[in-house]
Amino acid sequence: MKKLTLSVLAMAAIAIGASAQAVERPGFFDNVSLGLDGGVTTPMRGQAFFGSMRGNVGLHVAKQITPVLGLGVEGVFGINTSSWEGYQHSSTAFDNSYVGVYGTADLFNLFGGYKCAVRPFNIEAVLGAGWGHNYVNDMGREDRPDYNYFATKAGLNFNFNVTDR
């Protein structure tokens, strides 16, 4: 009887220990986000800062690789930026676009340590590069075509997290 009791207890202990060995592996689509962007743009020089502000809208897909580093792809469209003095006029509402890739560094996690919890506010440094395109399309003017250019971006994202997930 002792042998049977000890055998049953040993099997139960092994079964409990084996069930604690389960490991959950992260999937590729974990920590992926889709975002809708909105903001303003203004010329760096030669124009009134606030009087020349124009809207822009965009869409991005991002992947947080580590608690500090992330990568993303984005598309941004400028609205009526060709109305600035000295710029070629466009007859469309969206008169420039930018498609590019970027990297982010979460400054709070980099300098303050990762707390394993979502912060209600954080700041990310952003650095990216991509393809820019201006839509000139003056009606009947062949000497003023659309044009492409290499564009870069550098800045900060101010993130406000509304949920704890």
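1. Start with Leu 59. This residue has its place in strand S2. The model is a predicted one. Leu 59 has a relative accessible area of 47%, so it counts as partly exposed.

2. Leu 59 is one member of a nonpolar surface patch. Two elements give two or more residues to the patch: strand S1 (32–41) and strand S2 (54–64). Which of the elements supplies the largest share of the nonpolar patch? S1 does, with three residues.

3. Next, the aromatic rings. Rings pair if their centres lie within 6.5 Å. By this rule there are six aromatic pairs. Phe 49 and Phe 50 show how the angle is read. Their ring centres are 4.9 Å apart and their planes stand at 90°, so this pair is edge-to-face. The cut-off for that class is over 60 degrees. Phe 50 has 65% relative accessibility, so it is exposed.

4. Tyr 147 and Tyr 149 form another kind of aromatic pair, a tilted one. What are the centre-to-centre distance and the angle between the planes? The distance is 6.3 Å and the angle is 45°. Tyr 147 is partly exposed because its relative accessible area is 36%. Tyr 149 is also partly exposed, at 33% relative accessibility. The partly exposed class lies between the buried limit, under 20%, and the exposed limit, over 50%.

5. Some rings join up in a group. Which residues do ring pairs link into a cluster? They are Phe 108, Phe 121, Phe 158 and Phe 160.

6. The charged end of Lys 153 sits over the ring of Tyr 102. The distance from that charged end to the ring centre is 5.7 Å.

7. Last, a cysteine in a loop. Where does Cys 116 lie? Cys 116 is in the loop that runs between helix H2 (107–112) and strand S5 (121–134). Is Cys 116 buried or exposed? Its relative accessibility is 66%, so Cys 116 counts as exposed. Pro 67 is 49 residues from Cys 116 along the chain.

Methods:
Residues are numbered from 1 along each chain as its sequence is written. This is a predicted model: local features need pLDDT of at least 70, side-chain atom pairs count only at pLDDT 80 or more; totals for chains, interfaces and linings use all residues. Side-chain values use heavy atoms; hydrogens and water are left out. Rings of Phe, Tyr and Trp (its six-membered ring) pair if their centres lie within 6.5 Å; planes under 30 degrees apart count as stacked, over 60 as edge-to-face and the rest as tilted. Buried means under 20% relative accessible area, exposed over 50%, partly exposed in between (1.4 Å probe, protein chains only). A charge sits over a ring if NZ of Lys or CZ of Arg is within 6 Å of the ring centre and within 35 degrees of the ring normal. Helices (H or I, at least four residues) and strands (E, at least two) are DSSP runs, numbered from the N terminus. Patches are made of residues with over 30% relative accessible area and no salt bridge: like charges are joined within 9 Å, nonpolar side chains (Val, Leu, Ile, Met, Phe, Trp, Tyr) within 5 Å. Accessible areas come from the Shrake-Rupley method with a 1.4 Å probe; for residues, only the protein chains shown count as cover. A salt bridge is a side-chain nitrogen of Lys or Arg within 4 Å of a carboxyl oxygen of Asp or Glu.
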